[in-house]
Amino acid sequence: MKKLVVALAFLLFVTAGAIGVLKWLGVGPFELDESANTTEQTTSSRDRETPYFVEMDPVLVPLFRDDKVAATIQIHIQLEVIGSDVSEEVLFARPRLGSAFFQDLYGYIPRMLMNSDRIDMDILKKRLKFIADKTLGEGKVSDVLIQSVNEVRAP
């Protein structure tokens with residue numbers, strides 16, 4: 001009886017291993033359909049397009065206190081786009097995009113600093129992505145990278 005249980009356990013182990021190998025190799029009942037394979041290749045070729053990074057001019061946002069400039073926030077931004085044609089379009093629209101960033105952040109950063117003593121990078125990144133999508137169109141900019149945020153206090 002003991003030998004029978006060991007033999008059945010061994011048979012079960014070998015069967016599970018064989019099924020795992022068949023599935024890993026995609027052979028037999030686990031063979032992929034050719035139409036699914038071509039769709040998968042098309043999707044993966046689009047995903048393999050290399051990202052391009054567009055360096056923006058620094059955005060300088062003055063902070064006022066009692067009708068004087070108390071500090072200036074300097075933000076270095078880099079935009080990630082997919083495809084060379086989109087990168088050329090974003091390069092062409094850099095002045096318009098930089099102006100949109102400045103106009104929005106001119107009012108937004110002082111409001112953010114009223115509630116806390118530091119700039120929240122996650123919120124700023126989402127805000128800049130929203131502005132880029134609104135200015136250039138949805139999907140042109142895949143990500144906004146904030147390189148640095150510096151605060152220069154006025155004397």
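**View 1. The largest pocket holds about 380 Å³ of space.** On a 1 Å grid over the protein atoms alone, a pocket is an open set of points where a 1.4 Å probe fits, with protein on both sides within 12 Å along at least five of seven lines; its volume is the space filled by probe spheres set on the points, which are joined across faces, edges and corners. This is a predicted model, where local features need pLDDT of at least 70 and side-chain atom pairs count only at pLDDT 80 or more, while totals for chains, interfaces and linings use all residues. Residues are numbered from 1 along each chain as its sequence is written, and side-chain values use heavy atoms, leaving out hydrogens and water.

**View 2. The lining of the largest pocket has 17 residues.** Lining residues have an atom within 4 Å of a point, and Leu63, Arg65, Leu113, Glu151 and Arg153 lie nearest the centre. Strand β4 gives the most, with four residues.

**View 3. Phe102 and Tyr106 form a tilted aromatic pair.** Their centres are 5.6 Å apart, with 45 degrees between the planes; rings of Phe, Tyr and Trp (its six-membered ring) pair if their centres lie within 6.5 Å, with planes under 30 degrees apart counted as stacked, over 60 as edge-to-face and the rest as tilted. Both residues lie in helix α4, four residues apart, about one turn of the helix; helices are DSSP runs of H or I with at least four residues, and strands are E runs of at least two, numbered from the N terminus.

**View 4. Arg127 forms a salt bridge with Asp104.** Their closest N and O atoms are 2.6 Å apart (the rule: a side-chain nitrogen of Lys or Arg within 4 Å of a carboxyl oxygen of Asp or Glu). Arg127 lies in helix α5 and Asp104 in helix α4, so the pair ties together parts 23 residues apart in sequence.
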